[in-house]
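Hi,

Here is the structure I said I would pass on.

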Amino acid sequence: MAAVCDICGKVLRSASAEAMAAHKRESQSCTRVKTKGASGEVARLEEKLRAVIEAGRRLAAHGGAYDVVEANTKERGEVEAALKAARSSTKAEKARVKELAQQSMSAAGWTSALLQGEENRFAKADEGAVESQLAAATVGLVSSAAFREKREELEAAAGAKREREAEEAAARGEAAAARR
């Protein structure tokens with residue numbers, strides 16, 4: 001019967017305790033395996049599989065009842081199948097993400113989108129916005145206080161302009177109502 005290392009997960013040919021101790025002592029690769037980017041589901045299933053395998057070892061060492069051993073074997077098969085499915089879905093998801101990243105960074109994709117006139121790819125600055133006026137008014141190195149003062153001036157001017165436009169619209173509305 002084969003044994004599985006509880007640290008690295010390697011399957012050993014011998015199930016003896018001496019072989020396992022020698023593997024752990026002498027093997028440079030016997031380190032805790034934590035798959036980079038492994039989903040929580042994969043990690044949870046790996047831990048569950050380790051627990052089921054350990055329970056099977058205890059049953060084999062202490063002589064468990066036949067139905068208990070069979071239930072453990074069945075559970076191990078189910079967990080292994082679920083782990084295999086979770087790993088393949090994680091692998092497929094990583095491939096989809098990699099493909100999407102490659103497509104989005106492709107120069108050909110960007111060039112064709114620009115040549116087709118796709119104007120929604122980049123945000124355009126609003127010419128009358130306070131930020132664009134602030135960028136034009138503060139060129140070069142400007143102190144924080146001067147920047148804050150200029151922003152306040154531009155915001156006050158924009159607020160006064162909105163109020164003036166609202167008053168003019170109200171006056172036009174009253175004049176139109178008076179003509180009727």
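**What I found**

I'll start with a salt bridge: Arg57 pairs with Glu54, and their closest N and O atoms are 3.0 Å apart. Both residues sit in helix H2, and because they are three residues apart there, about one helical turn separates them. Neither end is hidden away: Arg57 is partly exposed at 26% relative accessibility, and Glu54 is partly exposed too, at 32%.

Before going further, please keep in mind that this is a predicted model. The average pLDDT for the protein is 81, and 86% of the residues reach at least 70. Confidence is highest in H6, with a mean of 90, and lowest in helix H4 (residues 107-115), with a mean of 72.

For orientation, the protein has six helices and two strands. Going along the sequence, the order is β-β-α-α-α-α-α-α. It has 180 residues, of which 15% count as buried. If you take contacts between residues at least 6 apart in sequence, 36% of them join residues that are at least 24 apart.

How many salt bridges turn up in a search of the whole structure? The search finds eight, and a few of them are worth a look.

Helix H2, which covers residues 40-62, also holds Glu47 and Arg50, three residues apart or about one turn of the helix. These two form a salt bridge, with 3.4 Å between the closest N and O atoms. The cut-off for buried is under 20%, and over 50% would be exposed.

Now move along to helix H6 (residues 144-179), where Glu155 and Arg151 are four residues apart, again about one helical turn. Their side chains meet in a salt bridge, at 3.5 Å from N to O. Glu155 is partly exposed, with a relative accessible area of 38%, and Arg151 is partly exposed at 26%.

**Where H5 meets H6**

Helix H5 (residues 130-137) packs against H6 at an angle of about 135°, and the axes are 10 Å apart. The crossing of H5 past H6 is right-handed.

Which residues make the contact? On the H5 side they are Val130, Glu131, Gln133, Leu134 and Ala137. On the H6 side they are Phe147, Lys150, Arg151, Leu154, Glu155 and Ala158.

Cheers

Notes. Residues are numbered from 1 along each chain as its sequence is written. This is a predicted model: local features need pLDDT of at least 70, side-chain atom pairs count only at pLDDT 80 or more; totals for chains, interfaces and linings use all residues. Side-chain values use heavy atoms; hydrogens and water are left out. A salt bridge is a side-chain nitrogen of Lys or Arg within 4 Å of a carboxyl oxygen of Asp or Glu. Buried means under 20% relative accessible area, exposed over 50%, partly exposed in between (1.4 Å probe, protein chains only). pLDDT is the predictor's confidence in each residue, from 0 to 100. Axes are lines fitted to C-alpha atoms, for helices over the stretch in contact, and angles run from 0 to 180 degrees between N-to-C directions. A crossing is left-handed if the near helix is turned anticlockwise from the far one by less than a right angle, and right-handed if clockwise. Contact means heavy atoms within 4.5 Å.
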